[in-house]
Amino acid sequence: MMVPVFRFAPSPNGELHLGHAYSALLNAKLAGERGGRVLLRIEDIDTARCTPEFEQGIYRDLGWLGIEWERPVRRQSDHFDVYVEALARLRSEGLVYPAFMSRGEIRAFVTGHEGDWPRDPDGAPLYPPLDRQASEATRRARLASGAPYSWRLDMGKAIAVVGGTEWTEFSASDVSAHEMIPAAPQRWGDVVIARSDVPTSYHLSVVVDDALQGITHVVRGRDLYEATSVQRVLQKLLGFKAPAYHHHRLILGPDGRKLSKSERSTGLRALREAGRTPEDIRAMLGF
């Protein structure tokens with residue numbers, strides 16, 4: 001029988017808060033109930049914002065909560081080579097293209113289409129088609145000029161290759177209960193897959209890492225529900241097996257909004273320094 005493999009994958013760009021604690025505790029709980037393993041992954045591709053101090057804080061806070069994880073920990077910044085390899089495969093198949101428009105240029109382009117220009121699930125306007133439609137000679141010239149760029153997935157072409165896709169959404173309370181969710185990647189348009197200065201993106205690195213680490217169950221916040229559509233397309237393009245997903249409820253702040261790492265009152269370090277115990281945190285979160 002295959003042993004279930006779960007993972008908790010924070011970014012070391014701030015202090016962990018109650019929302020992170022909920023996700024980490026839920027991963028540990030579900031893994032324990034299913035006789036599974038729990039891996040910790042440090043998602044630090046944003047080298048400008050991620051720091052060793054915040055990474056050490058992750059280990060400290062998880063240890064304080066009593067959460068155990070396997071060693072060694074996978075740190076994404078140590079594995080840019082594997083993301084470059086995945087990007088090269090997508091490039092060789094003509095599924096990505098260099099995109100040069102800045103945010104200001106995107107805004108200027110869509111100004112005349114404010115009423116009907118499509119937006120992604122996060123509310124950002126979909127990337128205009130100009131770079132996708134550019135000739136190969138134009139692309140080479142722009143690249144040679146040193147202009148900043150990102151690599152974007154040609155979503156229309158990608159969908160044509162993989163066809164329809166879906167994912168398994170499983171229940172946290174009933175191991176046998178699950179639902180098949182149809183993916184809607186077209187809602188995201190041509191998403192960023194890598195940048196000229198960082199050879200990957202969240203979508204690409206998380207898909208590669210989940211496959212290489214043999215992750216069978218992804219337990220993460222509801223705010224990433226829509227992103228699963230993009231990741232399912234990448235999994236199929238790269239020939240990766242899909243994990244099952246559970247998108248849990250979000251822990252909200254006093255203002256009813258998703259918690260932020262800048263929200264000191266909900267940070268685990270601040271709560272610990274205020275005298276809260278791990279048992280208090282578990283009780284606050286319903287464990």
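How many bridges join β4 to strand β5, residues 150-153? Four bridges join them, and the two strands run antiparallel. Helices (H or I, at least four residues) and strands (E, at least two) are DSSP runs, numbered from the N terminus.

Before you go on, note that this is a predicted model, where local features need pLDDT of at least 70, side-chain atom pairs count only at pLDDT 80 or more, and totals for chains, interfaces and linings use all residues. Residues are numbered from 1 along each chain as its sequence is written, and side-chain values use heavy atoms, with hydrogens and water left out.

**Stop 1: the sheet**

Select β4, β5 and β8. They form an open sheet of three strands in the order β4-β5-β8, with antiparallel pairing. Two strands pair if DSSP finds at least two bridges between them. The edges belong to β4 (96-99) and β8 (192-195); each has a single partner strand, so one side of each is left without a neighbour in the sheet. On average, neighbouring strands here are turned by 30° against each other, direction ignored. The axes behind that angle are lines fitted to C-alpha atoms, for helices over the stretch in contact, and angles run from 0 to 180 degrees between N-to-C directions.

Now pick Trp-151 in β5. Trp-151 is the bridge partner of Pro-98. In β8, the bridge partner of Trp-151 is Ala-194. Three bridges join β5 to β8, and these strands run antiparallel.

Stay on β5 and look at its faces. Both are covered: Ser-150 and Arg-152 on one side, Trp-151 and Leu-153 on the other, are all buried. Buried means under 20% relative accessible area, exposed over 50%, partly exposed in between (1.4 Å probe, protein chains only).

**Stop 2: helix α8**

Select residues 202-212, helix α8. This helix is mostly covered, with eight of its 11 residues buried. Among them are His-203, Leu-204 and Val-208. After α8, find Gly-214, whose phi is positive, near 65°.

Zoom in on Asp-210, which lies in α8. Asp-210 counts as buried because its relative accessibility is 4%. Show its side chain and that of Arg-7: they make a polar contact at 3.1 Å. A polar contact is a pair of N or O atoms within 3.5 Å; within protein, one must be able to donate a hydrogen and the other to accept it, and residues adjacent in sequence count only if both atoms are side-chain atoms. Leaving aside neighbours within four places in sequence, Asp-210 is in contact (heavy atoms within 4.5 Å) with Arg-7, Arg-41, Ile-215 and Val-218.

**Stop 3: Glu-43**

Select Glu-43, in the loop between β2 and α2 (52-65). Is Glu-43 buried or exposed? It is buried, with a relative accessible area of 9%. Not counting residues up to four places away in sequence, Glu-43 touches several residues, including Ala-9, Cys-50, Gln-76 and Tyr-202. Val-206 of α8 is also one of the residues that Glu-43 touches.

**Stop 4: the lining of the largest cavity**

Select Phe-8, Ala-24, Asn-27, Val-38, Leu-39, Leu-40, Leu-62, Ile-67 and Trp-69, which line the largest cavity. Lining residues have an atom within 4 Å of a point on a 1 Å grid over the protein atoms alone; a cavity is a set of points where a 1.4 Å probe fits but cannot get out. Colour β2 (37-42) and α1 (18-33): each supplies at least two lining residues. The largest share, three residues, comes from β2.

Terms used:
On a 1 Å grid over the protein atoms alone, a cavity is a set of points where a 1.4 Å probe fits but cannot get out, and a pocket is an open set with protein on both sides within 12 Å along at least five of seven lines; lining residues have an atom within 4 Å of a point.
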